[in-house]
Amino acid sequence: MSESTETTLVGTGALIEQLLRGEFICRVTNEDGWRALKNNSTRDRVETYLNQINRTIASAGEGEVFFCGYLQLGEVERKVISSQFKDICAGLIPLVEWLVLVQEASGQDAPLSEGAPIRLTDLQARIEDTPAFREQLTKLSHYRLFGSSSTNVDGQIKLVFKRLVELGYLTKPNSEKQIYIATGKLDYLYEVIRFIDETEGLSLEAQAETATQRDLI
């Protein structure tokens, strides 16, 4: 192993492991790692190491979110990417419906973005007070992505948020408080939506941003 590779592994090993696990590095999920990748010197060292195993640093959200991609695409790599893309597409409808619900119930003009806090108790209260929001939550919570069998708002919303943390779209900094923070993986999701919009004309982004159409099917 070369001296430069050893230096990279010692200095940024945990960060490289995160990238190789498929995690998204942003200011919310790992501020130290995010700052390291914003540094050209460190990023170049990580990139040099990843290139040796046919990986590269990819980004989303105008360079504010980092994840691991393939350097060159062969048959095996294409199959992996195809599988990952299908998984994301399978969850698009419930994810977009959740984004629409949060935007509408919170009275926000723009869709949820990285760093935005969500106070679960406040959101839950607004949903419980509005029949249309309760209906939206029940519908999206029963999608396979979330798989709720609960018939009440409390059970449905807590399972949805727990699942979104597992998927990396939200983080919960303090286990004692019901406050969640949106991560940069949402920016990646928006880019996927834009890509599908452009190639298949589904207008998912417009539906998420304007919150004018609740049923995507």
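Start by selecting K185 and Y169: K185 lies over the ring face of Y169, 4.9 Å from the ring centre. A charge counts as over a ring if NZ of Lys or CZ of Arg is within 6 Å of the ring centre and within 35 degrees of the ring normal.

A word on what you are viewing: this is a predicted model, where local features need pLDDT of at least 70, side-chain atom pairs count only at pLDDT 80 or more, and totals for chains, interfaces and linings use all residues. Residues are numbered from 1 along each chain as its sequence is written, and side-chain values use heavy atoms, leaving out hydrogens and water.

Now for the ring pairs. Rings of Phe, Tyr and Trp (its six-membered ring) pair if their centres lie within 6.5 Å; planes under 30 degrees apart are stacked, over 60 edge-to-face, and the rest tilted. The count by this rule is 5 aromatic pairs.

Select F24 and Y188 next: their pair is tilted, with 4.9 Å between centres and 50° between planes. F24 sits in the loop between helix 1 (3–20) and helix 2 (31–38) and Y188 in helix 9 (residues 185–200), so the pair ties together parts 164 residues apart in sequence. F24 is buried (under 20% relative accessible area), at 14%.

Finally, move to W98 and F161, an edge-to-face pair with 5.8 Å between centres and 75° between planes. Here W98 belongs to helix 5 (residues 92–106) and F161 to helix 8 (residues 153–167), 63 residues apart.

Note on methods
Helices (H or I, at least four residues) and strands (E, at least two) are DSSP runs, numbered from the N terminus. Buried means under 20% relative accessible area, exposed over 50%, partly exposed in between (1.4 Å probe, protein chains only).
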